[in-house]
Amino acid sequence: MTMEPFNHSDPFDIATEAMRKEIAELIHRYWTNAPETADLSQEVRFQVIATALTVSLAAVMKIMVNAPETHLIEMIRGSLPAAFATADGIIAGEADPREVRH
């Protein structure tokens with residue numbers, strides 16, 4: 001993950017943004033109106049979402065990337081600064097105005 005601005009003509013950026021939006025919609029649904037989380041506190045709902053995302057990412061990486069777990073963990077750690085910077089931009093309003101805000 002790099003700190004470069006979104007490029008509307010880059011297939012990687014286009015695919016990443018489409019997938020990010022789908023994941024955001026799913027998270028929003030579980031945060032706001034999924035029957036499975038309706039009776040949970042906000043803290044527990046966050047834990048449910050974070051656990052599901054983390055386990056899903058780990059499983060996908062173990063299946064798709066032929067590398068030791070320590071390398072996969074370092075890949076995740078290395079991507080976090082850029083991920084948080086991207087999130088800051090989205091939260092600051094640099095996202096597509098048609099997108100549902102979460």
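Let's start with a pair of side chains: Arg77 and Glu74 meet in a salt bridge, 2.5 Å from N to O. The term salt bridge is used here for a side-chain nitrogen of Lys or Arg within 4 Å of a carboxyl oxygen of Asp or Glu. Arg77 and Glu74 sit three residues apart in helix 3 (residues 69–94), so about one helical turn separates them. Glu74 counts as partly exposed, at 45% relative accessibility. On that scale, buried means under 20% relative accessible area, exposed means over 50%, and partly exposed is what lies in between, with a 1.4 Å probe and protein chains only.

Before going on, a word on what you are looking at. This is a predicted model, in which local features need pLDDT of at least 70 and side-chain atom pairs count only at pLDDT 80 or more, while totals for chains, interfaces and linings use all residues. Residues are numbered from 1 along each chain as its sequence is written, and side-chain values use heavy atoms, leaving out hydrogens and water.

Now step back to the whole chain. The protein chain has three helices and zero strands, and its elements run α-α-α from the N terminus on. Helices (H or I, at least four residues) and strands (E, at least two) are DSSP runs, numbered from the N terminus. Of the 102 residues in the protein chain, 13% are buried. The accessible surface of the protein chain comes to about 8100 Å², and carbon and sulfur atoms own 64% of that; such areas come from the Shrake-Rupley method with a 1.4 Å probe, and for residues only the protein chains shown count as cover. If you take the contacts in the protein chain with a separation of 6 or more, 39% of them join residues 24 or more positions apart. Contact here means heavy atoms within 4.5 Å.

Back to the charges. How many salt bridges does the structure hold? There are three. Besides the one between Arg77 and Glu74, Arg20 and Glu17 meet in a salt bridge at 2.8 Å, N to O. Both Arg20 and Glu17 lie in helix 1 (residues 11–32), three residues apart, or about one turn of the helix. Arg20 is partly exposed, with a relative accessible area of 22%. Then there is the salt bridge between the side chains of Glu69 and Lys62, at 2.4 Å from N to O. Glu69 counts as partly exposed at 47% relative accessibility, and Lys62 counts as partly exposed too, at 48%.

Arg45 lies over the face of Trp31, at 4.8 Å from the ring centre. A charge sits over a ring if NZ of Lys or CZ of Arg is within 6 Å of the ring centre and within 35 degrees of the ring normal. What about rings meeting rings? A search of the whole structure finds zero aromatic pairs. For a pair, rings of Phe, Tyr and Trp (its six-membered ring) need centres within 6.5 Å; planes under 30 degrees apart count as stacked, over 60 as edge-to-face and the rest as tilted.

On the nonpolar side, Met19, Ile23 and Leu53 make a surface patch of about 270 Å². Patches are made of residues with over 30% relative accessible area and no salt bridge, joining like charges within 9 Å and nonpolar side chains (Val, Leu, Ile, Met, Phe, Trp, Tyr) within 5 Å. Ile23 belongs to helix 1 and counts as partly exposed, at 35% relative accessibility.

Finally, follow the chain to its start. Phe6 is found in the segment before helix 1 and, at 38% relative accessibility, counts as partly exposed. Leaving aside residues up to four places away in sequence, Phe6 touches Asp13, Ile14 and Glu17. Thr16, in helix 1, is ten residues from Phe6 in sequence and 9.9 Å away in space, C-alpha to C-alpha. Phe6 and Thr86 are 80 residues apart in sequence, yet 9.3 Å apart in space, C-alpha to C-alpha. Glu4 also has its place in the segment before helix 1, and is exposed, with a relative accessible area of 62%. Between Glu4 and Thr86 there are 9.3 Å in space, C-alpha to C-alpha, with the two 82 residues apart in sequence.
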